[in-house]
Amino acid sequence: MIQLEIDRVSLHFGGVSALTNVSTQVRKGDIFAIIGPNGAGKTSLLNCISGLYRPTTGKISFEGTEVTHMATHQRANLGIARSFQNIELFSHMTVLDNLMLGRHIKMKSGIIAGGLYWGKTQREEVVHRRVVEEIIDFLEIENIRRKKVGMLAYGLQKRVELGRALALEPSLLLLDEPMAGMNSEEKEDMARFILDISEEKGTTIILIEHDMGVVMDISDRVVVLDFGQKIGDGAPDEVQRNPKVIEAYLGQEAV
Ligand SMILES: Nc1ncnc2c1ncn2[C@@H]1O[C@H](COP(=O)(O)OP(=O)(O)OP(=O)(O)O)[C@@H](O)[C@H]1O
């Protein structure tokens, strides 16, 4: 089943064309990678999906609903969550509190209402806490749950950031370079968690990643951008054999 449909999306910033007429489809449950050289438009495409950017022209539909002009929080309510290239956690807060904050969009009683209906808020809090504790177990970060995020090693912070996105229980998870700056052991761990999220939770994952070994290993499909245009789209082995892709990108890496 097609979960996300990107239909002739273009995005301009003044005279710069970040994306030109990009169309692709993402199947539910797939791990879908966006690759391409620096400045190719990868983050722009991810931002159009999450709602941070609105396409200049074109259409994006998620599970049959057009989301092209929806705000980020509305898309989050539909089940689209994202993590950022640079860690955007609250470094002075604990791992547990960061994950609970990631969950806040699901909380029906806001902070003000919480003051008025304390009992209901407390009941909700218990449920949220259980979900968050499950994520903590899943990501194997029990031993650091009370630690302040700012004190943690980089690889662990990235894992907590992943946990915060998971706290929304998304059906589509957008990951912007989840392995950037990691050593090979941390990368292996992250790749394993991404595969586990896909297999155990059935979550669709769209990720931007520069490490071609990882992309080819874990992705079901790969879309390749170059100067804002799509030059390849298919299974990893198809994309690897595509002459345009080899010329624009993979050739540089001698794949
Ligand atoms: N907010 C913005 N304002 C102006 N230009 C932008 C903005 N965001 C992106 N661009 C431009 O759009 C083009 C595509 O950028 P984008 O960040 O999407 O590429 P990318 O493939 O993610 O690159 P990288 O691998 O370096 O992160 C670039 O020319 C970039 O300078």
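Student: Let's start with Arg82. Which residue is its bridge partner in strand 7?

Tutor: That partner is Leu174. Keep in mind that we are looking at a predicted model.

Student: How many bridges join strand 6 to strand 7, and which way do the two run?

Tutor: Four bridges join them, and the two strands run parallel. Strand 7 covers residues 172-176.

Student: I clicked on Glu161 in helix 6. Is that residue buried or exposed?

Tutor: Glu161 counts as buried, because it has 21 C-beta neighbours inside 10 Å. The cut-off for buried is 20 or more.

Student: Now strand 3. What does it pair with in the parallel sense?

Tutor: Strand 3 runs parallel to strand 8, residues 204-208, and four bridges join the two. Ile34 has Ile208 as its bridge partner in strand 8. Strand 3 also pairs in the parallel sense with strand 9, residues 221-226, over four bridges. There, the bridge partner of Ile35 is Val224.

Student: And how many of the residues of strand 3 are buried?

Tutor: Five of its five residues are buried, so strand 3 is mostly covered. In a regular strand, the side chains alternate between the two faces of the sheet. Here Ile31, Ala33 and Ile35 are on one side, while Phe32 and Ile34 are on the other, and all are buried.

Student: New topic: the ligand. Which residues surround it?

Tutor: Among them are Phe13, Val16, Gly36, Asn38, Gly41, Lys42, Thr43 and Ser44. By class, the shell has four nonpolar, six polar and one charged residues.

Student: Which element gives the largest share of that shell?

Tutor: Helix 1 does, with three residues. Strand 2 (16-27) is the other element that gives two or more residues to the shell.

Student: Why is helix 1 largely enclosed by the rest of the structure?

Tutor: Helix 1 spans residues 42-50, and it is largely enclosed because eight of its nine residues are buried. Lys42, Ser44, Leu45 and Cys48 are among the buried ones.

Student: How far is Cys48 from Glu161?

Tutor: Cys48 and Glu161 are 113 residues apart in sequence, and 20 Å apart in space, C-alpha to C-alpha.

Student: You mentioned strand 2. How does strand 1 run relative to strand 2?

Tutor: Strand 1, residues 2-13, runs antiparallel to strand 2, and eight bridges join them. Val9 stands opposite Val22 in strand 2. Their hairpin has two residues between the strands, and Gly14 takes a positive phi near 55°.

Student: What about strand 1 and strand 4?

Tutor: Five bridges join strand 1 to strand 4, residues 57-62, and this pair runs antiparallel. Lys59 in strand 4 is the bridge partner of Asp7.

Student: How many residues are in contact between the two domains?

Tutor: Eleven residues of domain 1 are in contact with eight residues of domain 2. On the domain 1 side, helix 2 (72-78) and helix 7 (184-201) are the elements that give two or more residues. The residues on that side divide into seven nonpolar, three polar and one charged.

How values were computed:
Residues are numbered from 1 along each chain as its sequence is written. This is a predicted model: local features need pLDDT of at least 70, side-chain atom pairs count only at pLDDT 80 or more; totals for chains, interfaces and linings use all residues. Two residues are in contact if their C-beta atoms, placed from the backbone, lie within 7 Å. Ala, Val, Leu, Ile, Met, Phe, Trp, Tyr, Cys and Pro count as nonpolar, Asp, Glu, Lys and Arg as charged, and the others, Gly among them, as polar. Two strands pair if DSSP finds at least two bridges between them. A residue is buried if 20 or more other C-beta atoms lie within 10 Å of its own, exposed if 12 or fewer, and partly exposed in between; C-beta atoms are placed from the backbone. A residue is near a molecule or strand if its C-beta atom, placed from the backbone, lies within 6 Å of it.
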